[in-house]
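Here are some notes for a colleague who is opening this structure for the first time.

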Amino acid sequence: MPIKLENVGIAVRDLEAAISFFTDLGLTVLGRDTVSGEWTDTAVGLDGNHAKIAMLQTPDGQGRLELFEYIHPQAIETRPTRPHDIGMHRIAFSVDDIDEALAIAARHGCHPLRGVATYEDTYKLTYLRGPSGILVMLAQELGKA
């Protein structure tokens with residue numbers, strides 16, 4: 001049976017702020033909608049859900065993010081995911097220029113958790129907190145900048 005990754009879904013506090021962050025990094029918005037009704041109750045497994053959603057895509061067309069902001073029920077705040085927590089962990093992006101990507105993130109108030117590391121002279125990488133506390137990894141393959 002063939003299988004492919006469709007998208008990664010992320011609940012956010014503020015859909016517009018999250019869209020702005022990810023589009024500034026280079027993703028494009030494929031579509032937006034507000035969804036509710038029996039079909040969403042069934043698909044999501046949450047009765048009475050109502051959400052604003054946006055589908056974004058990476059420039060290479062291979063990666064998609066579905067961002068959603070719940071209108072109902074009210075979203076539940078949780079503590080931010082830590083790098084060693086079990087479960088959904090982080091989203092990672094390859095970038096051509098990590099310094100440029102970090103400058104874009106900084107304009108959104110997002111900064112590295114600790115700094116930028118170099119892995120075996122192959123990658124420069126860092127983790128940062130994106131909108132709604134999303135853990136984001138940025139990685140630049142060395143020799144491609």
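1. Phe93 has a relative accessibility of 12% and therefore counts as buried, where buried means under 20% relative accessible area, exposed over 50% and partly exposed in between, with a 1.4 Å probe and protein chains only. The model is a predicted one, in which local features need pLDDT of at least 70 and side-chain atom pairs count only at pLDDT 80 or more, while totals for chains, interfaces and linings use all residues. Residues are numbered from 1 along each chain as its sequence is written, and side-chain values use heavy atoms, with hydrogens and water left out.

2. The count of aromatic pairs comes to three, a pair being rings of Phe, Tyr and Trp (its six-membered ring) whose centres lie within 6.5 Å, with planes under 30 degrees apart called stacked, over 60 edge-to-face and the rest tilted. Phe21 and Phe22 make an edge-to-face pair, at 5.0 Å centre to centre and 80 degrees between the planes. Phe21 is buried, with a relative accessible area of 0%, and Phe22 is buried with a relative accessible area of 0%.

3. Phe22 also pairs with Phe93, in a tilted arrangement with 6.1 Å between centres and 50 degrees between the planes. Because Phe22 lies in helix α1 and Phe93 in strand β5, this pair ties together parts that are 71 residues apart in sequence; helices (H or I, at least four residues) and strands (E, at least two) are DSSP runs numbered from the N terminus. Phe21, Phe22 and Phe93 form one aromatic cluster.

4. The largest nonpolar core has 24 residues, and Phe22, Leu67 and Leu138 have the most contacts inside it; such a core is a set of buried Ala, Val, Leu, Ile, Met, Phe, Trp, Tyr and Cys residues joined through side-chain atoms within 4.5 Å. The largest share of this core, five residues, comes from α1. Leu138 touches residues including Phe93, Ile98 and Leu102, not counting residues up to four places away in sequence, contact meaning heavy atoms within 4.5 Å.

5. The largest pocket is lined by 29 residues, with Ile10, Ala11, Thr78, Ser132 and Ile134 nearest its centre. A pocket, on a 1 Å grid over the protein atoms alone, is an open set of points where a 1.4 Å probe fits, with protein on both sides within 12 Å along at least five of seven lines, and its lining residues have an atom within 4 Å of a point. The largest share of this lining, four residues, comes from β1.
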